[in-house]
Amino acid sequence: MRHGLEICCGGPSVTASLLVELGELAERAGWDGVFFEDYLIYYDGDDPPTYDPWLLLAAIAGRTGRIRLGTTVTSLPRRRPAKLAREVLTLDHLSAGRATVAVGVGDPKDRGVAGFGEQTDLKTRAAMLDEGLDLLVGLVGGERVTHQGTHYRADGVTLRPAPVQTPRVPVRVGGSIQAKAVLRRAARADGIVPYKLADTDGWSDFSPDEVHDLVGALPATRADGEPFDVAVGGRRRRPDERAERAYVGELAAAGATWWLEFIPAGDPEMMRAAVARGPLR
């Protein structure tokens with residue numbers, strides 16, 4: 001199992017330089033990945049500072065050499081798939097093949113959706129995700145893409161240079177497994193970033209048995225032949241580290257390939273300490 005950090009992209013007292021520093025510190029502390037949340041307006045506080053994750057990741061790419069870089073997750077219906085693909089491919093080259101992108105329908109708490117007149121109807125957003133996912137997967141693989149759909153169009157276009165990674169930059173799908181479409185979409189990609197509850201105000205950990213069943217419902221391998229990414233977690237580390245380590249080990253035995261530990265917005269020194277302590281291996 002690999003151990004990654006899911007880091008806030010904003011919040012009170014958070015600066016862009018701090019977030020880049022945390023990414024650099026994560027590599028020194030032995031983490032395997034840094035994945036930023038992706039919001040136009042962060043959900044914590046009134047008019048909080050918020051930073052673009054792809055620009056943060058580009059800065060971190062230039063200061064690291066090993067750690068995997070990406071998002072958890074980017075709302076694809078809020079983005080143009082071709083523009084997102086261009087950003088992901090650029091990061092793949094800046095990082096010498098360490099980019100990953102995770103996409104989903106979007107967090108209903110993102111004030112940057114309704115606030116800027118973006119589509120808020122869940123059924124429409126789901127249709128945009130379904131359509132956009134095929135475009136994104138093709139474009140980050142360097143394919144020539146032709147598509148005529150309800151929401152997007154591509155007339156035999158390809159993006160160059162091709163990705164460093166082969167056959168493509170890994171694409172993950174995020175969302176609640178209460179929505180069966182999340183599993184269907186993930187099977188068309190390279191991994192899943194699942195959570196249990198559709199109500200984002202609640203939280204419930206996966207049990208090892210639930211992870212085992214989830215892994216069994218997904219492809220065994222990614223497009224490159226590596227094990228299909230199942231990235232679970234997404235919460236803060238609990239105080240009892242012995243129990244936490246045992247729990248993460250049980251998830252690994254059940255087939256999870258990544259454990260993600262959340263670093264929320266807070267006192268900068270506390271954020272640094274949470275990263276510097278390293279993963280629970």
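Which residue stands opposite Glu-261 in S11? It is Arg-235, and I start there because strands are DSSP runs of E at least two residues long, helices being runs of H or I of at least four, both numbered from the N terminus.

Before I go on, a word of care: this is a predicted model, in which local features need pLDDT of at least 70 and side-chain atom pairs count only at pLDDT 80 or more, while totals for chains, interfaces and linings use all residues. Residues are numbered from 1 along each chain as its sequence is written, and side-chain values use heavy atoms, with hydrogens and water left out.

Let me stay with strand S11, which covers residues 258–263 and has six of its six residues buried, where buried means under 20% relative accessible area, exposed over 50% and partly exposed in between, with a 1.4 Å probe and protein chains only. In a regular strand the side chains alternate between the two faces of the sheet. Here Trp-258, Leu-260 and Phe-262 point one way, Trp-259, Glu-261 and Ile-263 point the other way, and all of them are buried.

Strand S1, residues 2–7, runs parallel to S11 over six bridges, with Arg-2 standing opposite Trp-258. Strand S10, residues 229–235, also pairs with S11 in the parallel sense, over four bridges, and there Gly-233 has Leu-260 as its bridge partner. Between S10 and S11 the chain passes through helix H8, residues 241–254, in a right-handed β-α-β crossover; that is, with the strands pointing away from the viewer, the path from the first strand over the helix to the second runs clockwise.

S10 itself is mostly covered, seven of its seven residues being buried, and strand S9, residues 191–195, pairs with S10 in the parallel sense over two bridges, with Ile-192 opposite Val-230.

Now a glycine in helix H5, residues 122–139, namely Gly-132, which counts as buried at 0% relative accessibility. Leaving aside neighbours within four places in sequence, Gly-132 is in contact with Leu-76, Pro-81 and Tyr-152, contact meaning heavy atoms within 4.5 Å.

Finally, the chain as a whole comes to nine helices and eleven strands. Its radius of gyration is 18 Å, close to the 19 Å that the globule rule gives for 281 residues, so the chain is as compact as a globular protein of that length; the radius is taken over C-alpha atoms, and the rule is 2.2 Å times the number of residues to the power 0.38. Of the 281 residues, 51% count as buried.

How values were computed: Two strands pair if DSSP finds at least two bridges between them.
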